[in-house]
Amino acid sequence: MVPAGDTVLLCPASAHRDPSRHPDPDRFDIGRRDKAHLALGHGLHHCLGAPLARLQIRVALDVIIRTFPTLALSLPAEKLPWRRTFRSHALKRLSVTLGTR
């Protein structure tokens, strides 16, 4: 419970990164079972376009994977350049090799 009048400071860069809840929180795991996150809001503020956004992501990833079945990182995962700030935790860039079809 947050007392009335207290300041609440949210840090989106910390979302989904609690090691006591998520083993290896820095690893991208598309199959992670615990999917409770705030990316598309929550409750009354849940994004009305969330189903469409999820469908678009699913279709785009399917096309990419079918078009480039040998898609791979062009450098080791531990060498990926991250932007780690108070407001975000995101890749600066994602270099991949497309391979041949």
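This passage walks through the overall build, the surface and a few single residues of one predicted chain. Residues are numbered from 1 along each chain as its sequence is written, and side-chain values use heavy atoms, with hydrogens and water left out. As the model is predicted, local features need pLDDT of at least 70 and side-chain atom pairs count only at pLDDT 80 or more, while totals for chains, interfaces and linings use all residues.

Starting with the big picture, the chain has one helix and four strands. Helices here are DSSP runs of H or I with at least four residues, strands are runs of E with at least two, and both are numbered from the N terminus. Read from that end, the order of elements is α-β-β-β-β. The chain is more spread out than a compact globule, because its radius of gyration is 17 Å, well over the 13 Å that the globule rule gives for 101 residues. For the record, that radius is taken over C-alpha atoms, and the rule is 2.2 Å times the number of residues to the power 0.38. Along the principal axes, the C-alpha atoms fill a box of roughly 60 × 30 × 25 Å.

Buried residues make up 7% of the 101 residues, where buried means under 20% relative accessible area, exposed means over 50%, and partly exposed is anything in between (1.4 Å probe, protein chains only). In total, the chain exposes about 8900 Å², and carbon and sulfur atoms supply 62% of that area. These areas come from the Shrake-Rupley method with a 1.4 Å probe, and for residues only the protein chains shown count as cover. As for contacts (heavy atoms within 4.5 Å), take those with a separation of 6 or more: residues 24 or more positions apart account for 34% of them.

Part of the surface forms a nonpolar patch of about 1100 Å², made by F28, I30, I57, L61, I64, I65, L71, L73, L94, V96 and L98. To join a patch, a residue needs over 30% relative accessible area and no salt bridge; like charges are joined within 9 Å, and nonpolar side chains (Val, Leu, Ile, Met, Phe, Trp, Tyr) within 5 Å. Helix 1, which covers residues 50–67, gives the most to this patch, with four residues. I65 sits in helix 1 and, at 55% relative accessibility, counts as exposed.

Side chains of opposite charge can pair when their charged atoms come close. R66 forms a salt bridge with D62, with the closest N and O atoms 2.9 Å apart. The rule asks for a side-chain nitrogen of Lys or Arg within 4 Å of a carboxyl oxygen of Asp or Glu, and by that rule the count comes to one salt bridge. The two residues are separated by about one helical turn, because they are four residues apart in helix 1. R66 counts as exposed at 54% relative accessibility, whereas D62 is partly exposed at 39%.

Two more residues deserve a quick look. D24 lies in the segment before helix 1, and its phi is near 55°, a positive value in a residue other than glycine. At 44% relative accessibility, D24 counts as partly exposed. E78 is found in the loop between strand 1 (72–73) and strand 2 (82–84), and its 68% relative accessibility makes E78 exposed.
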